[in-house]
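User: I'd like to go through the pockets and helix packing of this protein with you. Could you take my questions one at a time?

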Amino acid sequence: MTEVNGKLCECGHTMTAYDRTPESHATRRERKLRTRQSLLDAALKLLEEQSFSSLSLRQVTREAGVVPTAFYRHFDDMEQLGLALIEESFRTLRAMIRAARADPRTYEHAIRNSVEILVGHVHEHDAHFRFIARERFGGVAVLRRAIGAEIRLFASDLATDLARFPYLDRWMAEDLRLLAGLMVNTMVSTAEAILDARPEDPTAEAEIVATAERQLRMIVLGVSQWRSGAGSLARAQLTM
């Protein structure tokens, strides 16, 4: 790093009066964001071959092409980097699945669109999903809890959307959350099955997709038979 007029430039370049213009500040912010993303990408690449608990800061910075001290300008520790990877993994998926449920006219429309989007997203973000699948039951408690929280948030978002469907708009919030949880668990299992499918078998993924759609339809078929609030009433009677 170079010191000029008492100023240090993070990237090692000499700072001048011109460097302190709003435009140069934007450029430095962009460089900082690129460095942060390079650390996330490096960690994700390394996690294809190992668990997060075995990953070291030096491995990540070496893969990213930055010095270890640069890591701390972006993350306090490795756990914070792992949490950032989890947030990155779920953010776009939630947005995409929400778009699939934007039309509340039919369950069939929402089921088919959601499964198709999930499959495409798993392929597009294969490394993210493998990381989530491995760390969901992995050895780092902070990451396990964060993944669980993201899945619950995913289910909460779905429960809110389900309340817009005819008939479900009269359901209790607790029952909507239970229904959403069943659907989300099915989708998580589907994503994991896609990751484990043999790429040389062209029928494997089609069977997984068909199974997921059938499972979701079975859940939906039970909706018409469920009397919202009945489960809560039964529990209340048992405790009396």
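User: Which residues line the second largest pocket?

Analyst: Happy to start there, with the reminder that this is a predicted model. The pocket has a volume of about 150 Å³. Its lining consists of W171, D175, L178, L179, L182, I219, G222, V223 and W226.

User: Are α8 and α9 roughly parallel or roughly antiparallel to each other?

Analyst: Helix α8 covers residues 173-196 and helix α9 covers residues 202-223, with their axes 10 Å apart. The angle at which they pack is about 175°, and angles over 145 degrees count as roughly antiparallel. The two helices α8 and α9 are therefore roughly antiparallel.

User: How much space lies in the largest cavity?

Analyst: Searching the whole structure gives 2 cavities of 30 Å³ or more. The largest cavity is lined by 16 residues, and by class these are 13 nonpolar, 2 polar and 1 charged. The space in the largest cavity is about 180 Å³.

User: Which residues lie nearest the centre of the largest cavity?

Analyst: Let's begin with the helices around it. At least two lining residues come from each of α4 (78-100), α6 (126-135), α7 (141-162) and α8, and α8 has the largest share with 6 residues. Nearest the centre of this cavity lie F90, F129, I132, V188 and A191.

User: Where does pLDDT stay under 50?

Analyst: For the protein overall, the mean pLDDT is 83, and 79% of residues reach 70 or more. One stretch under 50 has 25 contacts beyond four places in sequence in the model, while another has 1 such contact. In that order, these stretches are residues 1-15 and residues 233-240.

Technical notes
Residues are numbered from 1 along each chain as its sequence is written. This is a predicted model: local features need pLDDT of at least 70, side-chain atom pairs count only at pLDDT 80 or more; totals for chains, interfaces and linings use all residues. Side-chain values use heavy atoms; hydrogens and water are left out. pLDDT is the predictor's confidence in each residue, from 0 to 100. Contact means heavy atoms within 4.5 Å. Axes are lines fitted to C-alpha atoms, for helices over the stretch in contact, and angles run from 0 to 180 degrees between N-to-C directions. Helices (H or I, at least four residues) and strands (E, at least two) are DSSP runs, numbered from the N terminus. Angles under 35 degrees count as roughly parallel, over 145 as roughly antiparallel, 65 to 115 as roughly perpendicular and the rest as oblique. On a 1 Å grid over the protein atoms alone, a cavity is a set of points where a 1.4 Å probe fits but cannot get out, and a pocket is an open set with protein on both sides within 12 Å along at least five of seven lines; lining residues have an atom within 4 Å of a point. Grid points are joined across faces, edges and corners, and a volume is the space filled by probe spheres set on the points. Ala, Val, Leu, Ile, Met, Phe, Trp, Tyr, Cys and Pro count as nonpolar, Asp, Glu, Lys and Arg as charged, and the others, Gly among them, as polar.
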